[in-house]
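Here are some notes to read beside the structure. They are numbered so that each point can be checked in turn.

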Amino acid sequence: MLKPDYLIVGSGLTGSAIARTLADAGRDVLIVDRRDHIGGNVHDHKHDSGITVHTYGPHYFRTNSDRIWDFVTRFAEFFKYEASLKTLVDGQHENWPIAASYIAQHIGTDWQPEFTGTPTNFEEAALSLMPRVIYEKFIKEYNEKQWGVPAHTLSADLCKRFDVRADDNPILKPDCKHQGIPLLGYAHLMQQMVQGLPIELNFDYLDRKKEVEAQKLTIFTGPIDAAFDYKLGKLKYRGQQRKHTFLPDTPGAGADRAQPCGQVNTPMHSQGKAIRTLEWKHMMHPAEAKPITGTLLTTETPFTPTDSAQYEYPFPDSENAQLYRQYRKLADDTQDLLVCGRLGEYRYFDMDQAIARAMLLAERILNDDPDADRLPNG
Ligand SMILES: Cc1cc2nc3c(=O)[nH]c(=O)nc-3n(C[C@H](O)[C@H](O)[C@H](O)COP(=O)(O)OP(=O)(O)OC[C@H]3O[C@@H](n4cnc5c(N)ncnc54)[C@H](O)[C@@H]3O)c2cc1C
């Protein structure tokens, strides 16, 4: 029987940042993860060609917080990478987010939102931000492919992630102070973060509870519904099926780079079920990518996973939000169990948000806060 003071289930950014912070303060921790690698969904690996692939989808690190930047750069060097994305509309690679000049050219400059008032769903929220033609070309069907349901059934909150530009800056997040990708990859970053800490891999906590017992607190960063054996029902997620295609750099094929940037969205149903194509070489440090011959493309096609290891995005509707609230109550009412992280809070967190959350939760534990086994706003 393993008996750490703090058992951390999951070695993703949330679990690893909590474990590191507790261990730095002298606390006794053990991390377990059911996968055969640490790092959760930020993990990356090398393709046979030497190209670095973000195993669970493209990850662009960015933060405005000096504290979070200091935390990650303590473990790894980052090279500057400011993601710029394109979306393939009418056969052209257009900026994503949509360039102001595109709207001006196709609609003019004095358009009025079609929807005014308080939006009750995604479609209304989008039409309060942009002209219908733009919504239909760039947004509507992309989201229908992403979520597998008609756009008007999705939550208005989803639009909070949209940015309708007043300029043509192609950078995805031009105002973010720190942006980059770890020079030696995310797997290396995560190895450095948990260096020296005890870790058990291939260890599914829910299957092997009898082998481990936290003396003080269990911090569970897996799916919250799984933690309670799905007794209230299953929360819905979307995942992505990834298909990799290597293009060897044969003379005349022009295959060294196939796309103008690392991510090209294909927003229309008529373009097939995939929502985007990634070209990983763009996301490598230029000096590392240069000697590699050929290029690797990955298409991502959304689906509804049944295996919780493939869960990526929480489903944005009121039914699942309601079910989550019921699980949250169960979790918060269970003593000495803290359920957190993107799967534990059924919430999309950017990496910097996941780290900020982890730091906050770890501080509450270190301060012996009697409510440390509940979420701050739970
Ligand atoms: C497709 C995609 C693209 C993204 N791109 C970006 C981006 O560009 N920029 C950005 O900032 N963020 C991005 N993110 C968000 C980023 O992936 C998350 O912030 C991060 O993964 C959160 O870490 P976590 O530790 O909370 O969860 P996870 O990384 O999922 O870690 C949870 C861990 O718990 C383990 N686990 C689960 N159940 C058990 C169990 N029963 N027993 C043992 N172990 C268990 C899992 O194996 C996993 O390792 C993206 C997310 C997705 C889905």
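1. In this predicted model, the buried residues of helix α11 are M351, D352, A354, I355, R357, A358, L361, A362 and I365. D352 and R357 are in that list along with residues such as I355 and L361.

2. What do the buried residues of α11 pack against? Their partners are the helices α1 (13-24), α2 (66-73) and α10 (341-344), together with the strands β5 (61-63), β11 (217-220) and β17 (337-339).

3. Helix α11 has 16 residues, and its first and last C-alpha atoms are 22 Å apart, close to the 22 Å expected at 1.5 Å a residue. Just after the helix, D368 has a positive phi of about 55 degrees.

4. The largest nonpolar core has 80 residues, and those touching the most other members are Y6, I8, I18, M190, I219, I355 and A358. Helix α11, residues 351-366, gives the most to this core, with seven residues. Domain 1 (6-81 + 181-232 + 315-366) and domain 2 (85-161) each supply at least three residues to the core.

5. Setting aside neighbours within four places in sequence, Y6 is in contact with L22, R27, D28, V29, A214, K216, L217 and I219.

6. Strand β5 also belongs to an open sheet of three strands, ordered β5-β9-β6 with antiparallel pairing. Because β5 and β6 (78-80) are at the edges with a single partner strand each, one side of each has no neighbour in the sheet. From one strand to the next, the twist averages 40 degrees.

7. Three bridges join β6 to β9 (residues 178-182). In β9, G180 is the bridge partner of K80.

Technical notes
Residues numbered from 1 in each chain as written. Predicted model: local features only at pLDDT ≥ 70, side-chain atom pairs only at ≥ 80, totals over all residues. Core = buried A, V, L, I, M, F, W, Y, C linked by C-beta atoms within 7 Å. Buried ≥ 20, exposed ≤ 12 C-beta atoms within 10 Å, placed from the backbone. Helix = DSSP H or I, 4+ residues; strand = E, 2+ residues; numbered from the N terminus. Domains from an automatic or database assignment. Contact = placed C-beta atoms within 7 Å. Expected span 1.5 Å × (residues − 1). Pairing = 2+ DSSP bridges. Axes fitted to C-alpha atoms, helices over the stretch in contact; angles between N-to-C directions.
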